[in-house]
Amino acid sequence: MDLNTVIQILDSAVRLMTPLLLACLAGLYSERAGVFDIGLEGKMLMAAFSAAAVAALTGNVWLGLMAGLLGSLMLSAIHGLASITFRGNQLISGVAMNFLASGLTVLLGQKIFGLGGRTPTLTPGAELEAQVTPFRIWLSGITGPDAAGWLTATPRLSDITLPLAETLRPVPVIGPLYAEVISGHSILVYVAFLMVPLTWWVLYRTRFGLRLRAVGENPASVDTAGVSVTRLRFAAVAIAGLLCGLAGAYLATGLSAGFVKEMTAGRGFIALAALIFAKWRPWGALGATFLFGLLEAVANRYPNLDLGIVTVPSMFMNALPYILTVIILAGFVGRAIPPRAGGEPYVKER
Amino acid sequence: MDATVQNGGRPAAAAPAAIELRGISKSFGPVQANRDIDLRVEKGTIHGIIGENGAGKSTLMSILYGFYKPDAGEIRLGGRPMTITDSQAAIRAGIGMVFQHFKLVQNFTVLENIILGAEDGRLLRPSLSRARGVLRQLARDYELNVDPDETIEELSVGHQQRVEILKALYRRADILILDEPTGVLTPAEADHLFRILRGLRDEGKTIVLITHKLREIMEITDTVSVMRRGEMVASVKTAETSPEGLAELMVGRKVLLNVHKAPARPGQAVLEVCNLKIVDDTGVERLRGIDLTIRAGEILGIAGVSGNGQTQLLEVLGGYPEKGSTLSGEIRVNGTLLSLSGRTCNAAERRRRGIGHIPEDRQVEGLILDFAAWENVAFGYHDAPEYSRGPLMDHDAIRRDAAAKIQRFDVRPPNCYLAARNFSGGNQQKIVVAREIERNPDLLLIGQPTRGVDIGAIEFIHKRIVDLRDAGKAILLVSVELDEIMSLSDRIAVMFDGRIMGERLPADTTASELGLLMAGVDPTFRQPEPLTQDP
């Protein structure tokens with residue numbers, strides 16, 4: 001395996017881990033506040049669809065991103081209402097979110113685009129042009145044709161080339177590593193990575209973080225200290241919604257070019273496994289999701305891994321992340337202590 | 001009264017009471033926890049509120065702390081009317097509360113727990129360093145020493161309680177409410193707590209102490225109020241009252257300080273235990289050869305410090321020895337051998353043999369807290385023919401029977417549809433006692449019958465136990481309360497480290513002799529045993 005291959009795999013791993021990392025951090029906020037969120041998957045799916053659909057209709061990925069955030073937030077609000085306000089079972093509410101997203105995205109997709117549940121491909125071409133044209137005409141009436149053309153010309157997240165990437169490329173090892181692995185990703189990749197230190201700082205250095213952790217451990221302590229348990233938990237669930245929104249939007253407009261049915265493919269559940277693996281800590285989430293991203297990247301690169309004597313079939317390679325998930329959930333990674341009040345609606349006791 | 005309020009913020013000559021409650025009422029569903037309560041506590045005093053379990057003391061104080069909203073009534077602090085809508089409002093009004101079950105975050109440090117909810121700003125660092133300074137000062141002033149960087153789970157219960165007090169003081173509380181503060185403390189820790197409380201009072205703080213222990217009231221309070229069944233029945237100066245007087249006010253009638261019982265008339269042997277041994281799954285010998293006989297019509301009391309094998313003895317007699325343990329020896333009931341392992345060693349089989357069991361922990365073994373009282377009354381006997389109609393359960397019959405039993409055992413409130421959780425400790429215990437005693441077992445196993453039970457219920461339960469004995473039944477009583485053992489038992493066996501250290505007759509022994517036996521020292525027969533293993 002030469003350096004070039006390693007760099008390509010790492011580059012791919014970074015892209016693939018991004019939605020996992022965002023979803024994992026989403027789960028972290030929610031679960032640290034004591035609200036289990038099995039609906040990460042559904043929220044990502046909803047966000048992926050909303051983002052791709054709006055991007056396809058407007059030709060503007062930023063409007064798509066907004067729509068993705070809103071779509072995910074909407075499910076968060078329902079989850080919060082069910083499990084915080086009405087003290088319902090958090091797992092059941094989460095499962096319901098997943099079903100809702102799974103059905104709603106395909107239904108709406110078929111209704112709007114008539115493509116069997118997928119959205120048009122977000123690459124310039126006849127299919128996309130046909131969708132964007134009505135919006136562009138309407139927009140021209142307001143902004144003039146030039147601005148309208150400009151505003152509707154970026155249906156996908158573009159990759160950002162970091163400064164000096166090309167200048168440094170000739171430097172051995174570091175050059176290509178910088179130019180390929182670190183530079184050249186979409187903005188959401190960088191946002192995801194910055195979220196790790198930010199989340200750490202919020203959790204351990206701010207008042208909000210202290211209260212958030214407390215409410216997941218012993219909500220009564222927060223309540224008796226005169227702080228609203230409900231508001232804190234809603235804040236956490238909303239943050240989770242936003243992060244899932246970013247994850248889904250990246251999936252549909254960054255990693256791929258458009259929404260296809262069930263495109264999250266269990267990533268929400270892998271993110272949950274990573275969260276356990278990470279023992280509900282931000283830096284751990286980075287490590288755990290990188291491991292999953294790497295596995296997926298390796299599987300993509302070597303569909304049939306030839307080990308000399310036997311050839312590992314591609315199905316096995318593709319199944320690797322899911323197998324690892326099962327192993328982690330079965331508790332082979334040492335004891336992970338979840339937040340003590342996780343999963344329990346808060347009721348004042350006598 | 002209103003005229004004395006706020007003249008330049010300073011109290012007038014006749015200082016208004018620190019706390020004044022007028023006509024407070026609160027009910028939870030069918031349970032009237034507080035009924036028209038009036039209370040007045042002067043500034044700079046320690047005021048005790050005493051009452052049986054379920055008398056409404058904790059509810060009243062939770063109302064004052066904004067945890068519950070009263071259905072009716074008025075709260076005045078320092079003469080000023082207050083509406084305390086939530087805990088935040090209570091804290092602002094200068095009230096601090098130390099709950100019976102601490103409200104601490106286990107994996108946070110002391111410092112983090114102290115500032116939680118009382119942070120100075122959005123960032124933690126300044127709050128933490130300020131709190132560190134304040135803590136050092138408070139530790140010096142009131143003997144409230146705790147390591148600020150220790151996590152709560154590393155601290156002893158006594159120290160955790162100090163953290164709760166520090167939390168209140170950090171929020172500049174002038175009124176400190178403590179709910180059953182000594183229930184979890186050792187005597188030395190309790191003494192330390194009282195020193196702290198006196199120090200706080202001398203600084204001008206007002207302290208309200210909720211307890212059901214008369215000794216504490218007499219020792220530390222200046223004034224005391226008595227609650228009974230949700231009502232305030234008296235408020236007096238502590239110096240002008242006596243423990244007997246308070247006890248009478250609490251239960252509303254003269255308390256039987258001793259159990260009145262006729263001499264036992266023992267008959268046939270009902271329970272015979274011979275060389276019973278248990279080795280648990282870690283290889284520790286829990287019972288090291290127990291020999292016991294209990295005859296019809298007598299109460300055998302087993303005294304001992306908890307953890308010396310009493311629990312294991314009750315479990316094996318009750319038919320559920322700990323999984324993975326190895327048993328040997330013989331147990332006979334009415335002459336028939338009981339199995340110690342296998343499928344016939346279970347609680348249902350034991351019940352069929354005429355063994356009733358009031359387990360040590362009513363909330364875990366005795367009741368299902370989320371089930372209704374009538375269901376709990378049927379547990380263990382749910383297969384009984386009178387509860388069945390063909391292959392189905394006859395709910396009407398069970399409810400009728402449960403209602404009658406609840407009536408006879410004076411369970412309050414007498415509502416058999418209420419979940420077991422919603423009864424007070426004493427009434428929960430009465431449900432268990434009613435279920436087991438009314439089945440009229442040949443042998444009744446009783447573990448800690450009055451743990452966490454108020455005086456009125458203790459008296460009632462004791463009387464029922466004696467009645468059962470007089471009906472010619474055998475009773476095995478395990479209790480850590482020496483007074484209870486001495487007043488109820490016809491014979492007393494003392495357990496230590498899995499052995500019976502000796503048997504005594506209550507009339508021929510003293511508490512100090514039993515105490516020696518409980519510590520593993522036999523004052524009459526043998527040399528002190530070498531202590532090989534921690535129980």
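Guide: Welcome! Strand 13 (residues 299-303) of chain B runs parallel to strand 20 of chain B, and 4 bridges join them. The model is predicted, so local features need pLDDT of at least 70 and side-chain atom pairs count only at pLDDT 80 or more, while totals for chains, interfaces and linings use all residues. Residues are numbered from 1 along each chain as its sequence is written, with chains lettered from A and ligands numbered from 1 in the order in which they are written.

Visitor: What makes strand 13 and strand 20 of chain B a pair?

Guide: Strands (DSSP E runs of at least two residues, numbered from the N terminus) pair if DSSP finds at least two bridges between them. These two have 4 bridges, so they qualify. One bridge sets Ile299(B) against Ile475(B).

Visitor: How many bridges link strand 19 of chain B to strand 20 of chain B?

Guide: Strand 19 (residues 443-447) has 5 bridges to strand 20, again in the parallel sense. Here Gly447(B) faces Val478(B).

Visitor: Which residues have the most contacts inside the largest nonpolar core?

Guide: They are Cys24(A), Ala48(A), Ala247(A), Ala274(A), Ile177(B) and Leu476(B), in a core of 230 residues. Such a core joins buried Ala, Val, Leu, Ile, Met, Phe, Trp, Tyr and Cys residues through C-beta atoms within 7 Å. Helix 12 (residues 229-255) of chain A, a DSSP H or I run of at least four residues, gives the most, with 15 residues.

Visitor: How do you know where this core lies relative to the domains of chain B?

Guide: Domain 1 (14-251) and domain 2 (269-371 + 442-518), with bounds from an automatic or database assignment, both give residues to the core, so the core lies between them. Their C-alpha centres are 38 Å apart.

Visitor: What makes strand 2 and strand 5 of chain B edge strands?

Guide: The open antiparallel sheet in chain B has 4 strands in the order 2-1-4-5. Strand 2 (31-41) and strand 5 (80-82) each have a single partner strand, so one side of each lacks a neighbour in the sheet. In strand 5, Met82(B) stands opposite Ile75(B).

Terms used. A residue is buried if 20 or more other C-beta atoms lie within 10 Å of its own, exposed if 12 or fewer, and partly exposed in between; C-beta atoms are placed from the backbone.
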